[in-house]
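Reader: Hi! Could you walk me through this one while I have it open on my screen?
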Amino acid sequence: MGNCIVIVTVLKKSKLQWCSTVPDIYIVNLSIVDLLFLLGMPFLIHQLVGNGVWHFGETMCTIITAMDANSQFTSTYILTAMSIDRYLATAHPISSSRFRKPSIATFIIGLLWFLSFISITPVWLYAGLIPFPEGAVGCGIRLPNPETDIYWYTLYQFFLAFAVPFTVISVAYIRILQHMTSSVAPTTQRSVRLRTRKVTRTAVAICLVFFICWAPFYVLQLTQLSIDQPTLPFYYAYNMAISLGYANSCLNPFVYIALCETFRTKLILMVRSSHRQRHASNLQIPDSQPEMKQESLSLEDR
């Protein structure tokens, strides 16, 4: 619901056209990715509650697994692009204005979606049904040589979906903080700089929430490579880390509402506008009562 509110609010502000600013484009696409990520959750919950048994066929298994992995990669790539955009807007606002355009941001988003589809090639190749001894089947990634391939796949996912993007994000925001503390803006530019800082603060919060939610998952995944037989506490911690990763997709809309004053204003205006429209439709009087309708109009005029 939160992600749908974000998408509708931004598009409503743009008169149901594509987003009019670069931050809007990134925020809407991040909300779309989070929404897709969460849409696969009911299937995975059903499998978890059913002791790992999958009831939805091999095609759905491939689609849900790929959508889950693709959303995870895409959200990381979008957050990385957001951090670079914030650095350009803060440190090089004039020279980067020719690059920071909605058309270019849309192209970058399309490129990031394409890269994420390429990044999950192992999922497309090896996602499928896993037979159980009792005759039932589960859904997962069947690597050709699980004993060795699991190491390479875990490291591949860790570096591509977390370590490298988060390094870029960290460097970008460190440079932003350095620039903000060392530069003094003229009076005529203070309002622009203040607005840039507010947007940057929201972006930093989103990235911090991402790190807090996903770091435990990747740490435990790497730890699992050195464990022959996971203990029960490790099993519970691993499941908590997975749940925390999914929670990240639910928390982002509340970060916008809590930290972004512009977004709160748009949301309030949209809710009031919808309320007025419903209230006006409820007060409409049929044409069969012209005298009452005319009196209502005159009262409204007064």
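Author: Happy to. One term before we start: a residue counts as buried when its relative accessible area is under 20%. Keep in mind, too, that this is a predicted model.

Reader: Let's talk about helix packing. How do α2 and α4 sit against each other?
Author: Helix α2 covers residues 22–39, and its axis comes within 9 Å of the axis of α4, with a crossing of roughly 160 degrees. An angle over 145 degrees counts as roughly antiparallel, so α2 is roughly antiparallel to α4. Their crossing is left-handed.

Reader: What about α4 and α7, at what angle do they cross?
Author: The axes of α4, residues 57–91, and α7 cross at roughly 15 degrees and come within 9 Å. Angles under 35 degrees count as roughly parallel, which means α4 and α7 are roughly parallel to each other. α4 passes α7 in a left-handed crossing.

Reader: And α4 with α5? Which hand does that crossing have?
Author: That one is right-handed. The axes of α4 and α5 are 9 Å apart, and the two helices pack at an angle of about 140 degrees. α4 is therefore oblique to α5.

Reader: Changing topic: charges. How many salt bridges does a search of the whole structure find?
Author: It finds three. As background, side chains of opposite charge can pair when their charged atoms come close.

Reader: Which residue does Arg142 pair with?
Author: Arg142 forms a salt bridge with Glu58, and their closest N and O atoms are 3.9 Å apart. This pair links distant parts of the chain, 84 residues apart: Arg142 is in the loop between β2 (137–141) and α7, while Glu58 is in helix α4.

Reader: Is Arg142 buried, exposed or something in between, and why?
Author: Arg142 counts as partly exposed because its relative accessibility is 41%, and partly exposed is the range between under 20% for buried and over 50% for exposed.

Reader: OK, which residues are in the salt bridge network?
Author: Asp85, Arg86 and Arg100 are linked in that network. Asp85 forms a salt bridge with Arg86, with the closest N and O atoms 3.1 Å apart. Asp85 also forms one with Arg100, where the closest N and O atoms are 2.6 Å apart.

Reader: One last topic: the surface. Which residues form the nonpolar patch?
Author: The patch is formed by Ile84, Ile150, Tyr151, Trp152, Leu155, Phe159, Val164 and Val168. Together they have about 730 Å² of accessible area.

Reader: Which helix gives the largest share of the patch?
Author: That would be helix α7, residues 146–182, which contributes seven residues.

Reader: Could you take Val164 as an example? Where is its place, and how accessible is Val164?
Author: Val164 has its place in helix α7. At 48% relative accessibility, Val164 counts as partly exposed, because exposed needs a relative accessible area over 50%.

Conventions. Residues are numbered from 1 along each chain as its sequence is written. This is a predicted model: local features need pLDDT of at least 70, side-chain atom pairs count only at pLDDT 80 or more; totals for chains, interfaces and linings use all residues. Side-chain values use heavy atoms; hydrogens and water are left out. Patches are made of residues with over 30% relative accessible area and no salt bridge: like charges are joined within 9 Å, nonpolar side chains (Val, Leu, Ile, Met, Phe, Trp, Tyr) within 5 Å. Accessible areas come from the Shrake-Rupley method with a 1.4 Å probe; for residues, only the protein chains shown count as cover. A salt bridge is a side-chain nitrogen of Lys or Arg within 4 Å of a carboxyl oxygen of Asp or Glu. Helices (H or I, at least four residues) and strands (E, at least two) are DSSP runs, numbered from the N terminus. Buried means under 20% relative accessible area, exposed over 50%, partly exposed in between (1.4 Å probe, protein chains only). Axes are lines fitted to C-alpha atoms, for helices over the stretch in contact, and angles run from 0 to 180 degrees between N-to-C directions. Angles under 35 degrees count as roughly parallel, over 145 as roughly antiparallel, 65 to 115 as roughly perpendicular and the rest as oblique. A crossing is left-handed if the near helix is turned anticlockwise from the far one by less than a right angle, and right-handed if clockwise.
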